[in-house]
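Keep the sequence and the 3D view side by side. The text below walks through them one region at a time.

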Amino acid sequence: MFFLQMLINGIVVGSIYGLVALGFVLIYRASGALNLANGEFVLFGPYVCLVIMTALNVPFLVAFIGTLLFSAFLGLVVERLVIRQLQNAPTISVIMATLGLSSLLAGAVHIIWGHTTRTFPPVFPQTPLNIGGIIITPVYLWSFIIVMILLVIFSIFFKYSKIGLAMRAVADDRQAALSMGMSVKFVLAMTWMIASMVAAIGGILLGNINGVSPTMSAIGLTVLPVVILGGLDSVMGAIIGGFLIGIIQNLAGGYLDPLVGGGLKDVVPFIVVLLILMLKPHGLFGSRGIERV
Amino acid sequence: MLRVSNLEAVYQKMILALRGISLNVKEGQIVALLGSNGAGKSTTLKAISGLLAAEDGHITDGTIEFQGEIINNISPDQLVKKGIFLCMEGRRIFKDLTVEENLYAGAYTRKDRSSIKSDIEKIYEYFPKLKMLEHRKAGYLSGGEQQMLAIGRGLMAKPKLLLLDEPSLGIAPLLVKEIFENIKKINEEEGLTILVVEQNANIALSIAHYGYIIENGRVVMKGEASALLEDKNISEHYLGTGKDIKEGRSNRRRQRIVW
């Protein structure tokens, strides 16, 4: 029973990891750079959502949509002001710029909202569901459902929409995409907007589960083993990697932490990643690209 | 239709790749642009299609005129909308996309969404092999199939002028023949104007109406394709059919006139 409980917690948290990792992978695929400010994108979401909810006194859904608009705008601004300037710069410069950006955004959150933990007013029903002895709080259930719906929407978007096709084409071969008449600038802007939005959604869901505090940006670091495990350039890998890391983390937290007095929860994912990278250097689903001439 | 006059282009602000190229493509023709490695063939095509900037190059002098309009400084996506499409060297198909998705990608700038499906069927008629591979990832296609896909993808954009950069590169001779026959067929049936860059001068001239030979960023010879095929100089230097190349080369080179 305890095992199942931990497993379900892991699946729910893992689905959120998968969502946040998706934004990470999208940016990597489109520009070849790691977005080290991803954790801070996660951080902005719940704070903005909270502010809209409490200051304007509107229902959660309205605040949620407002937050999405804000996040899209934030992603757009970052792309315009920072990333576009570095268009022809080496990848390492872009990565360093995102590192600077993460400090900047984290600082902004501290200045504006301080560092006390805040809690969301109850959004989802409070009474836990008891399914065959396993207790599931509605927040967990709803988070999982929302993430699943979003993943389905995204996979349809990438598979069938014109912009989705262009995003995949740019990720594949930027020059060739340019020669198709695709606007690489537009695609990059879209990528950053979407990445910022999924990060914010992940943050809001996590904020509903654990409360909102600046330490949430640590998810930026947790998502790193997720994407490396799944393969940096694989959307599918990000999602499955998210589940795996979420489950491993919770099982380690449940079974191993009491033995050593805590702390293993955050370490075990990295140990797993190390082991897997020894066997599969490109991650579980990452490709070294189809090579044939 | 396309008139390039005294075009000069540099890479990284210092490497002079084109030194005053002039050429002329008439509507409905296939024009071949021939020359050895580093002659400036690909650079010419990139300049026409606006892709020089992406490789840190730019036009320093001269004009490119398409349907009476100067297009020197127009962005690549605008040029695709105006009807100039470049099939890049090395095929450059999207490896992780399926064959069908690659064709859709070619139609990216088109507004008439409804007729795209029927145009894809038309491409499959020209290249029946692609139909069989429709849902396969393009990266797993053979070189020849990829080249067919690259040309098909170009046709999907419904260009007025199709630029082909070395369609024979790295492809088995028999397939090269098939591909060039298809290019000729497309030109005849669709009335599509084509500017093709090739190292394989023989096959390019066999389907072309007119040909230019460039060397060191300049046009050194031009004429009707049939005339070029018969020209003794050319057969020695570019077609590889000359008998005593070593002896003849040095003086003949000097005699060549520079346009």
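Glu215(B) stands opposite Arg218(B) in strand E10 (residues 218–224) of chain B. Helices and strands here are DSSP runs, H or I of at least four residues for helices and E of at least two for strands, numbered from the N terminus. The model is predicted: local features need pLDDT of at least 70, side-chain atom pairs count only at pLDDT 80 or more, and totals for chains, interfaces and linings use all residues. Residues are numbered from 1 along each chain as its sequence is written, chains are lettered from A and ligands numbered from 1 in the order in which they are written, and side-chain values use heavy atoms, with hydrogens and water left out.

Stay with this hairpin. E9(B) and E10(B) form it with two residues between them. Asn216(B), in the turn, has a positive phi of about 50 degrees. The two strands pair in the antiparallel sense over six bridges; pairing requires that DSSP find at least two bridges between two strands. Strand E9 (residues 210–215) of chain B also pairs with strand E3 (residues 30–34) of chain B. That pairing is parallel, over four bridges. Within it, Ala32(B) has Gly211(B) as its bridge partner. How many of the six residues of E9(B) are buried? Five are, and the strand is mostly covered. Buried means under 20% relative accessible area, exposed over 50%, and partly exposed in between (1.4 Å probe, protein chains only).

Now turn to the open sheet of chain B. Four strands form it, in the order E2-E1-E4-E5, with antiparallel pairing. Its edge strands are E2 (15–25) and E5 (69–70), each pairing on one side only. Strand E1 (residues 2–11) and strand E4 (residues 57–66) of chain B pair over eight bridges. Tyr11(B) stands opposite Gly57(B) in E4(B). In a regular strand the side chains alternate between the two faces of the sheet. Helix H1 (residues 41–49) of chain B lies across E1, E2 and E4. It runs at about 110 degrees to E1(B). Axes are lines fitted to C-alpha atoms, for helices over the stretch in contact, and angles run from 0 to 180 degrees between N-to-C directions.

Two other residues of chain B deserve a look. Glu134(B) is in the loop between helix H5 (128–132) and helix H6 (143–156). Is Glu134(B) buried or exposed? It counts as buried because its relative accessible area is 13%. Leaving aside neighbours within four places in sequence, Glu134(B) is in contact (heavy atoms within 4.5 Å) with Thr98(B), Val99(B), Glu100(B) and Tyr124(B). Lys122(B) belongs to helix H4 (residues 116–126). At 35% relative accessibility, Lys122(B) is partly exposed. Its C-alpha atom is separated by 32 Å from that of Ile64(B), 58 residues apart along the chain.

Last comes the interface. Here 20 residues of chain A are in contact with 30 residues of chain B. The two chains bury about 2,500 Å² between them, 59% of it on carbon and sulfur atoms. Buried area is the accessible area (1.4 Å probe) that two parts lose on being put together, summed over both. There are three salt bridges between the chains. A salt bridge is a side-chain nitrogen of Lys or Arg within 4 Å of a carboxyl oxygen of Asp or Glu. Asp173(A) and Arg92(B) meet in a salt bridge through their side chains (2.6 Å, N to O). Helix H6 (162–172) and helix H7 (174–179) of chain A each supply at least two residues of the side that touches chain B. The largest share of that side, six residues, comes from H6(A).
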